[in-house]
Amino acid sequence: MDLASLIDDGLEVSIVGSFSRVGIALRRQLFGWEPLPDGALEGRTVLVTGPTSGLGRAATDALAALGARIVLVGRSAERLAAVRDALVARHGEDRFPIVVADMGSLDSVRDAVRRVEATEARLDVLIDNAGGIFPERHLSPDRIEATLAVLVVGPFVLVSGLLPLLRRTPGSRVISVTSGGMYSQKLDLDDLQSSGGPFSGSRAYARAKRAQTALVREWARRLRGTGITFCAMHPGWADTPGLAETLPGFYRAMRPLLRTPAEGADTIVWLAAEPAGAATSGALYLDRRPRPFDRVPATRLGAADRRRLWDAVVGLSGAPDPAPDGRAGRPAPEG
Ligand SMILES: NC(=O)c1ccc[n+]([C@@H]2O[C@H](COP(=O)([O-])OP(=O)(O)OC[C@H]3O[C@@H](n4cnc5c(N)ncnc54)[C@H](OP(=O)(O)O)[C@@H]3O)[C@@H](O)[C@H]2O)c1
């Protein structure tokens, strides 16, 4: 192993060194990151959920600067219009359609799918970024616990619905923004909706992010050979309105070490703009490199559990399985 990779591995183990602004600054130096080429995404269409704030906004700005057409998917027409107007003013052209959708409502997500299909001839990149932490347990309009609805079931329905478009677009990719917080939790497959015991918003969030990442692995396996790449990335800790609002104590303590939103979004943009085949489908990335799915064996979700999770989420989606096991792809290796 080369020295840069050794230092990177040491950073990864330290957590604070890895997730903070120190991690990305060192890795940029260690691996000599080059700027992405001008116009790298010209002629490409990218869909971003949650482009109105934080990481989604930073990713949108960077992707727009690389020439992408960007479908802005969010729950507030006014906030989306403000982002679109700022992008149009900066780039002098309107390649930023708006689709209003609440990721926590399945009807709303299905409607978004129909609208994207009606206007878009291709979809090169789908970025599943929208998210948040709910302090109290409550149910979505579909009677699904809200964290699971917004972070897992809504995005699953979005990807399922847009699969035909992704399949038709050569080299397409789906990028799921997860969280290093998932390292702290094992998924409870018998209680996906956090109905047992006292509710903890941050625990429900960490479990939903683990579920989201496990589904990325399932998508990658089931859609192997279709040309679609599925990746998860986690941003480390970034200074966003979402972090300030949902984890105020952590935010205040860590603020000097937090990444900028652009630093947190860097790997989203890199995964979107890298040449097809550069990223490994089914992998989890931080700072442009694959990372382990678990830090301790106790959180490990084996292949059979991932299949069980998939089936449960298909059940919650109320729609047929978009990629039945065994029809496309090969059996899952255990691990
Ligand atoms: N910041 C970090 O350090 C950090 C660390 C790990 C993971 N993450 C993940 O990164 C992603 C972005 O987080 P952020 O820190 O940038 O948070 P943020 O500033 O709160 O932005 C969240 C975005 O998601 C949108 N959103 C929330 N709920 C939605 C819903 N039900 N339907 C549609 N859109 C919805 C928000 O839209 P509105 O404008 O309508 O509110 C906003 O655009 C999240 O998935 C988060 O879990 C962040």
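The model is predicted, so local features need pLDDT of at least 70 and side-chain atom pairs count only at pLDDT 80 or more, whereas totals for chains, interfaces and linings use all residues. Residues are numbered from 1 along each chain as its sequence is written, and side-chain values use heavy atoms, with hydrogens and water left out. Helices (H or I, at least four residues) and strands (E, at least two) are DSSP runs numbered from the N terminus. A residue is called buried under 20% relative accessible area, exposed over 50%, and partly exposed in between (1.4 Å probe, protein chains only).

- Strand β1 covers residues 45-49, and five of its five residues are buried.
- In a regular strand the side chains alternate between the two faces of the sheet.
- In β1, Thr45, Leu47 and Thr49 point one way while Val46 and Val48 point the other way, and all are buried.
- Strands count as paired if DSSP finds at least two bridges between them, and β1 pairs in the parallel sense with strand β2 (residues 69-74) over five bridges.
- Within this pairing, leucine 47 stands opposite valine 71 in β2.
- Between these two strands the chain passes through helix α4 (residues 54-65), and this β-α-β crossover is right-handed, a term meaning that, with the strands pointing away from the viewer, the path from the first strand over the helix to the second runs clockwise.
- Strand β4 (residues 125-128) runs parallel to β1 and is joined to β1 by three bridges, with isoleucine 127 in β4 as the bridge partner of valine 48.

- Strand β6 (residues 229-233) is mostly covered, since five of its five residues are buried.
- On one side of β6 lie Thr229, Cys231 and Met233, on the other lie Phe230 and Ala232, and all of these are buried.
- Strand β5 (residues 173-177) is parallel to β6 and joined to β6 by five bridges, and serine 176 stands opposite alanine 232 in β6.
- From β5 the chain crosses through helix α8 (residues 201-222) to β6, and this β-α-β crossover is right-handed.
- With strand β7 (residues 284-286), β6 pairs in the parallel sense over two bridges, and methionine 233 stands opposite tyrosine 285 in β7.

**A buried serine in a helix**

- Serine 317 lies in helix α12, which covers residues 303-317, and serine 317 counts as buried because its relative accessible area is 3%.
- Leaving aside neighbours within four places in sequence, serine 317 is in contact with Leu106, Arg110, Val153, Phe156 and Val157, where contact means heavy atoms within 4.5 Å.

**The start of the chain**

- Methionine 1 is placed in the segment before α1 (3-14), and methionine 1 counts as exposed because its relative accessibility is 71%.
- Isoleucine 15, in the loop between α1 and α2 (16-19), has a positive phi of about 60° although it is not a glycine.
- Isoleucine 15 counts as partly exposed because its relative accessibility is 32%.

**The loop between β5 and α8**

- Serine 194 is placed in the loop between β5 and α8, has a positive phi near 50° in a residue other than glycine, and is buried, with a relative accessible area of 14%.
- Glycine 196 is also placed in the loop between β5 and α8, and glycine 196 counts as partly exposed because its relative accessibility is 48%.
- Glycine 196 and tryptophan 270 are 74 residues apart in sequence and 40 Å apart in space, C-alpha to C-alpha.
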